[in-house]
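Welcome! Open your viewer, get the structure centred on the screen, and follow along one selection at a time.

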Amino acid sequence: MAEKVAVDRETVKNMYGLAGKAAIVTGATGSLGAAIAKGYGYQGVKVMLTGRNEGKLKALREEFAAEGIDCAYAAGDPAKEEDVQRVVDATVAKYGEVNVLVTAAGVSIPNSILQQDTAEWQSVMDANVRGTYLYAKCVAKAMVKQGKGGKIVLVSSARSQRGMKGYTGYCTSKAAVDLLAQSLACDLGEHHINVNTFNPTVFRSDLTEWMFHDDNVSANFLKRLPIGRLGEPADFVGIASFLASAASDFMTGANVAVDGGYWAN
Ligand SMILES: NC(=O)c1ccc[n+]([C@@H]2O[C@H](COP(=O)([O-])OP(=O)(O)OC[C@H]3O[C@@H](n4cnc5c(N)ncnc54)[C@H](OP(=O)(O)O)[C@@H]3O)[C@@H](O)[C@H]2O)c1
């Protein structure tokens, strides 16, 4: 007789559940961060919204609270260690612990290396790499202290593995985020902290809205996307939820394409 299949019914039923967890979402004032924060909130996650723009954070908190989402905000610059530590401390003070980190803060300032000021290039690296490193560091320390493991989800880009004219800052920074996740996975695995990136291609945001309206650009880009359309922020709520849930407990150090098939083509 065949051995019984060792899958527990209750474990499977609950493996995607996020209710009751406390999450920090950076770049919550942006298109992707706001979508993920709201998506988490709808699933019963307690969300600490953060970004540099306090006015936007306050408005977002009011909008979410009106929908019954348990959330708070703390403003800060992800590239300043004292700000990051203050946001992490505020989260622990408010919700007792932090179980999930999503780093959705990021910036692109396209320019040729022949023209770009070094300080401008550095500002992209600071926002995308230093900010991600500092949040991972401060949150990991809090998670280790709590002793219950945790999930760290870093937003990278499909551009982490593809160069592009004028993108010496952006592509380099996102390649660093991919390798940061792999190295953090090695540092933090023994503490049951999973660290993964997801890597989107173009999705709708203030920065990319024009692409959705320029027939030439969008038709050319769509040729590279087997899925046949550009992304929307809501397309990323699923992967951000999966990587925060017990369903991804055996995944760490992964760079997951969520790109309409861009890397495949
Ligand atoms: N949109 C796309 O097509 C696309 C594609 C692939 C990957 N991504 C990545 O997805 C993430 C979110 O992008 P998005 O489209 O949601 O962008 P967005 O709408 O422009 O939001 C960016 C967020 O990052 C913060 N931010 C901007 N400049 C910053 C800086 N210099 N230092 C620190 N924080 C800064 C902003 O918050 P505050 O101003 O309040 O600080 C904002 O919340 C980024 O990492 C981006 O690289 C986007």
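In this tour, Ala, Val, Leu, Ile, Met, Phe, Trp, Tyr, Cys and Pro count as nonpolar, Asp, Glu, Lys and Arg as charged, and the others, Gly among them, as polar. Please keep in mind that this is a predicted model.

**Stop 1: the ligand.** Select the ligand and the shell of residues around it. By class, this shell holds eleven nonpolar, 14 polar and three charged residues. Of the 28 residues there, G30, G51, R52, G106 and S205 come nearest. Two elements, α2 (31-42) and α5 (118-146), each give two or more residues to the shell.

**Stop 2: helix α5.** Now colour α5. With 29 residues at 1.5 Å a residue, α5 should span 42 Å, and its end C-alpha atoms are 40 Å apart, so the two values agree. Look for a kink of about 35° centred on D126. Just after α5, click on G147, where phi is positive, at about 75°.

**Stop 3: the core.** Next, show the largest nonpolar core, which has 68 residues. Its largest share, eleven residues, comes from α5. A23, V25, I36, V47, L49, L101 and V139 have the most contacts inside this core. Pick V47: leaving out residues up to four places away in sequence, V47 touches A23, V25, A37, Y40, G41, I69 and C71.

**Stop 4: T91.** Finally, select T91 in helix α4 (residues 81-95). Is T91 buried or exposed? T91 is buried, because 25 other C-beta atoms lie within 10 Å, and 20 or more is the cut-off. Beyond residues up to four places away in sequence, T91 touches A22, I24, M48 and V98.

Definitions and conventions:
Residues numbered from 1 in each chain as written. Predicted model: local features only at pLDDT ≥ 70, side-chain atom pairs only at ≥ 80, totals over all residues. Near = placed C-beta within 6 Å. Helix = DSSP H or I, 4+ residues; strand = E, 2+ residues; numbered from the N terminus. Core = buried A, V, L, I, M, F, W, Y, C linked by C-beta atoms within 7 Å. Buried ≥ 20, exposed ≤ 12 C-beta atoms within 10 Å, placed from the backbone. Contact = placed C-beta atoms within 7 Å. Expected span 1.5 Å × (residues − 1). Bend = angle between axes of the 7 residues up to and from the residue.
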